[in-house]
Amino acid sequence: MNPKILIIGACGQIGTELTQKLRKLYGTDNVIASDIRKLNTDVVNSGPFEVVNALDFNQIEHLVEVHQITDIYLMAALLSATAEKNPAFAWDLNMNSLFHVLNLAKAKKIKKIFWPSSIAVFGPTTPKENTPQYTIMEPSTVYGISKQAGERWCEYYHNIYGVDVRSIRYPGLISWSTPPGGGTTDYAVDIFYKAIADKKYECFLSSETKMPMMYMDDAIEATINIMKAPAEDIKIHSSYNLAAMSFTPTEIAAEIKKHIPEFTITYEPDFRQKIADSWPASIDDSSAREDWGWNHTFDLESMTKDMLEHLG
């Protein structure tokens with residue numbers, strides 16, 4: 001039996017590619033995409049789409065009943081840099097949308113939830129290199145605070161109500177199919193667009209700011225694999241560390257220069273530098289690899305080649 005899936009926030013950076021992949025896997029009619037507004041995009045035009053406000057419990061419940069939904073992927077969120085500009089709304093959206101789907105699962109109206117966490121749950125006091133699965137977490141951003149609280153609620157709903165909720169802490173995600181969406185790691189997406197269009201890029205982080213990153217193909221693969229894994233293999237019900245590569249703006253610029261020799265980069269750090277400085281430089285994701293067989297495919301070299309081919 002194929003699951004009947006609802007994706008909330010399907011028009012975002014991750015949701016766009018996740019929707020297409022799930023439709024290929026489970027059939028177009030079994031994957032209902034939804035977002036706050038109906039845009040003229042592939043996600044909207046290639047299968048069932050519903051307009052839904054992630055903060056409206058009744059709307060979500062109605063969609064679950066009408067489409068007989070079994071699994072919800074909650075991808076709606078205000079990301080790190082955007083959330084700093086509107087903290088109250090970020091908290092409201094990031095937390096209450098999660099409560100809505102957790103309560104639907106608690107009421108046995110759905111079977112399974114995917115909810116993304118982030119490396120933003122870590123803070124300035126977290127060990128920066130090879131950040132462990134279990135460690136000090138003192139996030140210093142609204143986004144990070146909401147994700148850390150969300151992890152605790154996911155674990156609570158699992159332990160107390162038996163809710164099957166699965167989560168991974170995404171690193172910075174890099175994709176050619178959707179433009180940057182307001183995250184601190186988004187320089188690593190924007191740099192490719194500017195390299196092709198202008199042959200130069202002004203980076204909003206300093207040259208040696210090292211952060212964990214992942215190509216979107218790997219992130220989608222991980223998301224689908226954790227949801228396909230047998231329940232007994234999922235041993236962490238807060239959120240799993242996930243990693244693929246770590247690099248600095250200097251290193252990604254050098255890789256781009258191999259393909260576009262005239263490319264140049266300059267540095268003008270802004271308010272996002274402080275956010276980046278509070279995050280890990282590399283992540284230990286051995287629990288995900290051991291528990292449900294996570295493995296990444298792309299490194300900096302293969303990702304750069306693929307990005308430039310698609311965008312070029």
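The structure is a predicted model, in which local features need pLDDT of at least 70, side-chain atom pairs count only at pLDDT 80 or more, and totals for chains, interfaces and linings use all residues. Residues are numbered from 1 along each chain as its sequence is written, and side-chain values use heavy atoms, with hydrogens and water left out.

The protein contains 12 helices and 14 strands. These are DSSP runs, numbered from the N terminus: helices are H or I with at least four residues, strands are E with at least two. The radius of gyration is 19 Å, close to the 20 Å given by the globule rule for 312 residues, so the protein is as compact as a globular protein of that length. This radius is taken over C-alpha atoms, and the rule is 2.2 Å times the number of residues to the power 0.38. Along the principal axes, the C-alpha atoms fill a box of roughly 55 × 45 × 40 Å.

Of the 312 residues, 55% are buried. Buried means under 20% relative accessible area, exposed over 50%, and partly exposed in between (1.4 Å probe, protein chains only). The protein exposes about 13,100 Å², with 52% supplied by carbon and sulfur atoms. Accessible areas come from the Shrake-Rupley method with a 1.4 Å probe; for residues, only the protein chains shown count as cover. Among contacts (heavy atoms within 4.5 Å) between residues at least 6 apart in sequence, 77% join residues at least 24 apart.

Two strands pair if DSSP finds at least two bridges between them. Strand S11 (residues 211–215) pairs with S13 in the antiparallel sense over 3 bridges. Here methionine 211 stands opposite phenylalanine 247 of S13.

Threonine 141 lies in the loop between strand S6 (117–118) and helix H6 (142–161). Threonine 141 is buried, with a relative accessible area of 4%. Its side chain reaches the backbone nitrogen of glycine 144 at 2.9 Å. Leaving aside residues up to four places away in sequence, threonine 141 touches Glu84, Ala120 and Ile275.

Terms used
A polar contact is a pair of N or O atoms within 3.5 Å; within protein, one must be able to donate a hydrogen and the other to accept it, and residues adjacent in sequence count only if both atoms are side-chain atoms.
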